[in-house]
Amino acid sequence: QVMLIESGGGLVQPGGSLKLSCVISGRTFSNYAMGWFRQAPGKERDWVGAINWTGTTTYYADSVKGRFTISRDNAENTVYLQMNSLNAEDTAVYYCAEAQYWAGAQTMSNDRHYDYWGQGTQVTVSS
């Protein structure tokens, strides 16, 4: 059984940083691309970014480019989302997701491209 478990969410002040983790079990992690999404209250789920199997290529949504960084440690079956310069608009539940195939940014931004999802972790940016 494939399981994705996010952690690291919490309350952070504007301008602060937070690092999310997503541990995957039940798969050969290094064979799969990973994505991060988020959903703010009352809004649709938005794509944050994605990383390929080896961690050598990443894509980001324009809203987070330059502030967020996705990385992975295949030995630890973990993908990370480092978030810097956080603002209130970043408040959301953050989800990691696994995709069988790596593709262009437009495809990786489509949540239908992903097969498995975590339960999400809440990030709240507030003073």
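Tutor: Buried means under 20% relative accessible area, exposed over 50% and partly exposed in between, using a 1.4 Å probe and protein chains only. Strands (E, at least two residues) and helices (H or I, at least four) are DSSP runs, numbered from the N terminus. This is a predicted model, in which local features need pLDDT of at least 70 and side-chain atom pairs count only at pLDDT 80 or more, while totals for chains, interfaces and linings use all residues. Residues are numbered from 1 along each chain as its sequence is written, and side-chain values use heavy atoms, with hydrogens and water left out.

E8 belongs to an open sheet of four strands in the order E1-E3-E8-E7, with antiparallel pairing. Two strands pair if DSSP finds at least two bridges between them. The edge strands, E1 (3-7) and E7, each pair on one side only. Neighbouring strands in this sheet are turned by 15 degrees against each other on average, direction ignored; the axes behind such angles are lines fitted to C-alpha atoms, and angles run from 0 to 180 degrees between N-to-C directions.

On one side, E8 pairs with E3 in the antiparallel sense over six bridges, and Lys-19 stands opposite Gln-82 of E8. E7 and E8 are likewise antiparallel and share six bridges: Ser-71 has Tyr-80 as its bridge partner, and Arg-72 has Val-79. E7 and E8 form a hairpin with four residues between them. Asn-77, in that turn, has a positive phi of about 55 degrees.

Next, the packing. Leaving aside residues up to four places away in sequence, Tyr-94 touches Leu-81 and Met-83, among others; contact means heavy atoms within 4.5 Å.

A disulfide (a pair of cysteine sulfur atoms within 2.5 Å) joins Cys-22 to Cys-96, with an S to S distance of 1.9 Å. Cys-22 lies in E3 and Cys-96 in E9, so the pair ties together parts 74 residues apart in sequence. Cys-22 is buried, with a relative accessible area of 0%, and Cys-96 is buried, also at 0%.
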